[in-house]
Amino acid sequence: MPGTADARTDRLALHGGRPVRERPFPSRVLFGEEAERLVVRTLRSGWLYGPGGPMTASLERRFAELYGAAHAVACSSGTAAIHLALAALDFEPGSEIITAPITDAGTIVPIIYQHGIPVFADVDEHYGMDPADVERKITDRTAAVLVVHLFGGGSDMRGIRRVADRHGLPVLEDCSQAHVTRLDGHYLGRWGHLGAFSLQQAKHMTTGDGGVVITDDETSAERMRLFRDKGWERGRHGARSYPLLGLNYRMTELQAAVGIPQIAGVRAVVERRGALGARLGRRVGAVDGLRPHTPVPGCEHSYWLFAFEVDGWDAAEFAAALSAEGVPAAPGYTGKPVYECMSALAEQQTFGSSGYPFSGGGGRPPVSYGPGLCPAAEEVLRRQITVWPNEAFAEEDIDDLAAAIEKVATLLPRTLSG
Ligand SMILES: *Cc1c(COP(=O)(O)O)cnc(C)c1O
């Protein structure tokens, strides 16, 4: 019954009722006049190539300053950034990298291309890796711990560092979803030896595609600069020297020009998202059967996504009902843990028919991946729903989002036993 006072609340849009939200939600405003100015200046300069260009150097300097890091190394994507960080470690083929089961493939692919074996540590209630499970997964082949700060809610870095330090292991942080997010007063990305960031379109700041790694370690920074540039030692004439095996993961000047102006504003983006996410979290947390994602104690939440768990509902049904109310929603972020999503892991479809590096040999046991590896992560994904407010939302937009969630929770039958 369009037009009546309670038509928005008495029947699900899925069943012909009026949606809570009929207008689209606001889009992000990412690029202003400063970005335009720098892009045009770069085009007119005729020099789009990162090496020797002013924009990439400036982006690196400002990014390092923002995080208080000695070095920032820019590259072509978040995946490339993680590859740089792993390559800097120079671990032996067949080494194990302990990492997170709920993440983008971009965390995992570089491990395999560095001939490493991903080993998954299960998550705690904040979706970060559980330090106790990290410790259980350590073997004499472990080379590093690669943490993922899912959705911007941080991970227990004190616990993870304590375990890693005890075993003499370097810690890498995948901060793709957690730009300028403080844990106990220090930014994520500064708790490990290396912090990798994605500047892909959807991230807190973006160059369309792009990545950066920060570190205080001079040797790692130098290795990463070589690795992203085919291992090429520049600055000499005549016979070339490639002292390191690397790829071409360079950032271009156009990417850097777009990114530079956002460095000064990304903290405001995170703070705004934090305030909006907290507002939504209070409403969702008050509904029986719903549990909003909370950051690890002492951590801010930068709300790359807003996630909540449903108890008693089928997450796919709940998400469909919510989407019908005009609030785009998806069940379970990636749906399944990354080890079930990637054929490279689940079916060992890696290099030809070799199954390398999972097939064993060279003193290594064969490895296989499948359901049951990380029960907590699998359970979280079964119950989880994600929605994606952004910093351009007004409080009223958040309130519509909350009202839609409340409506679905009220009217959609709970068909599961919890
Ligand atoms: C986005 C993302 C990546 C990969 O970044 P790309 O820039 O798309 O290569 C890696 N890890 C996480 C957690 C991400 O969200």
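Reader: Why does Ser241 count as buried?

Author: Its relative accessibility is 18%, and buried means under 20% relative accessible area (exposed is over 50%, partly exposed in between, with a 1.4 Å probe and protein chains only). So Ser241 counts as buried. Before we go on: this is a predicted model, where local features need pLDDT of at least 70 and side-chain atom pairs count only at pLDDT 80 or more, while totals for chains, interfaces and linings use all residues. Residues are numbered from 1 along each chain as its sequence is written, and side-chain values use heavy atoms, with hydrogens and water left out.

Reader: Where is Ser241 found, then, and what is Ser241 in contact with?

Author: Look in the loop between helix 7 (218–227) and helix 8; helices here are DSSP runs of H or I with at least four residues, strands are E runs of at least two, and both are numbered from the N terminus. Once neighbours within four places in sequence are set aside, Ser241 is in contact (heavy atoms within 4.5 Å) with Gly231, Trp232, Glu233 and Arg236.

Reader: What makes Val73 count as buried?

Author: Val73 has 0% relative accessibility, so it counts as buried. Val73 sits in strand 1 (residues 71–75). Not counting residues up to four places away in sequence, Val73 touches Glu60, Leu84, Gly211, Val212, Val213, Ala221, Met224, Arg225 and Arg228. Take Ala221: it is 148 residues from Val73 in sequence, yet the two are 6.9 Å apart in space, C-alpha to C-alpha.

Reader: What puts the buried residues on the same side of helix 13?

Author: In helix 13 (residues 375–383), the buried ones are Ala377, Glu378, Val380 and Leu381. They cover an arc of only 160 degrees around the axis, which puts them on the same side of helix 13; the arc is that of the directions from the helix axis to the C-beta atoms. Pro375 and Arg382, on the other side, are exposed. The cover over the buried residues includes strand 11 (306–310), helix 11 (338–341) and strand 13 (384–387).

Reader: Is Phe151 buried or exposed, and what is its phi?

Author: Phe151 is buried, with a relative accessible area of 0%. Its phi is positive, about 65 degrees, although Phe151 is not a glycine. Most residues other than glycine have a negative phi, and most peptide bonds are trans.

Reader: Which residues does a cis peptide bond join?

Author: Tyr356 and Pro357, with omega about 0 degrees. Pro357 is in the loop between helix 12 (343–346) and helix 13.
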